[in-house]
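User: Take me through the salt bridges here, please, pair by pair. After that, carry on to whatever else you would check before using the coordinates.

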Amino acid sequence: MADAAGNETRRVLIAADKFKGSLTAVQVAERVTAGLRRVVPGLRVESLPVADGGDGTVAAAVAAGFERREVRVAGPLGEEVTAAFALREGTAVVEMAEASGLQLLPAGVFAPLTASTYGSGELLRAALDAGARTIVFGVGGSATTDGGAGMLAALGARFLTERGEPVSPGGGGLAELARADLSGLDPRLSSVELVLASDVDNPLTGPKGAPAVYGPQKGASADDVAALDAALARFAKVLEAEAGPRAAEYAVSPGAGAAGGIGYGALLLGARFRPGIEVMLDVLGFAPALERASLVITGEGSLDEQTLHGKAPAGVAAAARAAGRPVVAVCGRLALEEEALRGAGIGRAYPLTSVEPDVARCIADAGPILERVAARIAEEHLS
C-alpha cells in the first residue's frame with residue numbers, strides 16, 4: 001500500500017562503512033535514516049552496516065543479527081585485552097584488529113618489531129570452541145608485522161631458535177628462527193572452512209610486501225623495514241623446510257602480506273583468500289536486501305583512490321550496479337572526480353563539506369551534518 005506521498009515503491013538500502021574517527025557504520029546508518037525521513041516521513045529504510053574485513057567487521061556482523069561473543073586474549077604487546085567475535089548458525093566472523101589492532105597500542109606508542117598476533121590466534125581458537133564450522137577472518141588495521149607467527153603459535157605451532165628456545169614475540173624475533181614445528185596445530189582447523197577476508201593483495205615480502213608498504217604506518221623506520229623484510233623471508237624459508245613448497249608459494253600469493261603478513265599465516269592454515277567486502281556482503285545478506293531496494297546509499301569517511309581498490313563502497317556499488325540499482329554515496333571527504341565515481345558505479349557523492357565547508361566542524365559534528373546531507377539526498381532523489 002502506498003503512503004500519502006505515494007512512496008509505495010520507495011525503499012532505501014543504507015550500506016555504508018564507518019566514518020573513521022567520527023561515526024561507526026551503525027551511527028552512519030542512523031543519521032542517514034533520520035535525514036531522509038526529515039524530507040520523506042515514513043520512508044521505508046533498511047540499514048545494513050558494512051565493513052571490508054578491517055576494524056568494524058565484527059560490529060557490522062552484530063548489526064546484521066550475529067551474536068557478539070567476548071573473550072580475554074593477549075593484546076599486541078602481550079597485555080590482556082577483551083576482544084569480540086561474532087557468531088551465527090555455525091559461522092563466526094573474527095576480526096584480527098580486535099586482538100592485534102593498532103588502536104590497542106597506547107597513544108603515540110608503536111612496536112613494529114615486537115607486536116604479536118598471538119591474541120588473534122586465541123580469537124580463532126575461541127571461535128572453534130564456540131562450534132564454528134566456517135570462520136570469516138577479517139584482517140586489517142594491525143599493529144603487527146610478524147607474518148602470523150604469533151597467531152600460529154597460539155594455535156599450537158612452535159617456532160624455535162638454534163638453542164631450541166621459542167623465538168621472541170613479533171616480526172623482529174623471527175630473525176633468530178631456526179626451526180618450525182606445525183605438528184601441534186589445533187586439529188579442528190582441518191575440518192573448518194577458513195576464509196581470509198581482506199582488501200589487500202600484497203605478497204609477504206619484497207618492495208610490495210607487508211614491511212615495505214605497511215611497516216611505516218606502524219612506526220617502522222627504514223632500518224626496521226629492512227630487518228622485518230629479512231626476518232619474514234627467513235620465516236617463509238624455515239616454513240618451507242617444515243611444510244614443503246606450498247609455504248614458498250603462499251609467501252608470494254595475493255593476500256599473504258595482509259595485516260603485517262597474518263594473511264600468510266592464514267594461508268598456511270588452509271584459508272581461502274577473498275576480497276573482504278565480497279565476503280562480508282555474502283555473510284551479511286546483502287543480496288536479498290538489495291533486491292528490496294530502489295536506491296542504495298553507501299559511503300565511508302574518505303572517498304579516494306583507495307576506495308576504488310576493494311573498499312566497502314566500491315564493493316557495494318559494484319553489486320548494486322550489477323543488479324540495476326542506482327547508488328549514491330556519503331562521505332566526510334571527497335577526493336574522486338565524477339568520472340571515477342561513475343566508473344565505480346556511484347552516481348553521485350555527497351561529502352559533509354557540501355553543507356558545512358569547515359572541515360574541523362565536519363569532524364566534530366559529523367552526525368548532525370550527515371543528517372543534513374541525507375536530507376539533501378532525499379530532496380534530490382526521493383521527493
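Analyst: Let's start with Arg188 and Asp186, whose side chains form a salt bridge with an N to O distance of 2.8 Å. The term means a side-chain nitrogen of Lys or Arg within 4 Å of a carboxyl oxygen of Asp or Glu. Keep in mind that this is a predicted model, where local features need pLDDT of at least 70 and side-chain atom pairs count only at pLDDT 80 or more, while totals for chains, interfaces and linings use all residues. Residues are numbered from 1 along each chain as its sequence is written, and side-chain values use heavy atoms, with hydrogens and water left out.

The two partners sit on either side of a cut-off: Asp186 counts as buried because its relative accessibility is 12%, whereas Arg188, at 31%, counts as partly exposed. (Buried is under 20% relative accessible area, exposed is over 50%, and partly exposed is in between, using a 1.4 Å probe and protein chains only.)

Glu67 and Arg69 also pair up, again with 2.8 Å from N to O. Here Glu67 is partly exposed at 41%, and Arg69 is partly exposed at 29%.

Then there's Arg348 with Glu380, at 2.5 Å from N to O. Arg348 belongs to strand E13 (residues 348-351) and Glu380 to helix H15 (residues 366-381), so this bridge ties together parts 32 residues apart in sequence. (Helices, H or I with at least four residues, and strands, E with at least two, are DSSP runs numbered from the N terminus.) Arg348 is partly exposed at 37%, and so is Glu380 at 42%.

Salt bridges also link up into a network, made of Asp17, Lys18, Lys20 and Asp55. The count for the structure is 26 salt bridges.

Next, backbone angles. Most residues other than glycine have a negative phi. Glu89 has a positive one, near 50 degrees, and sits in the loop between strand E4 (80-88) and strand E5 (91-95). With a relative accessible area of 72%, Glu89 is exposed. Ala259 isn't a glycine either, yet its phi is positive at about 50 degrees. That residue is in helix H9 (residues 258-268), and Ala259 is buried, with a relative accessible area of 10%.

Last, confidence. The chain's average pLDDT (the predictor's confidence in each residue, from 0 to 100) is 95, and 98% of the residues score at least 70. Residues 1-8 are below 50, and that stretch has seven contacts in the model beyond near neighbours in sequence, a contact being heavy atoms within 4.5 Å. Where pLDDT is low, the predicted coordinates should not be read in detail.
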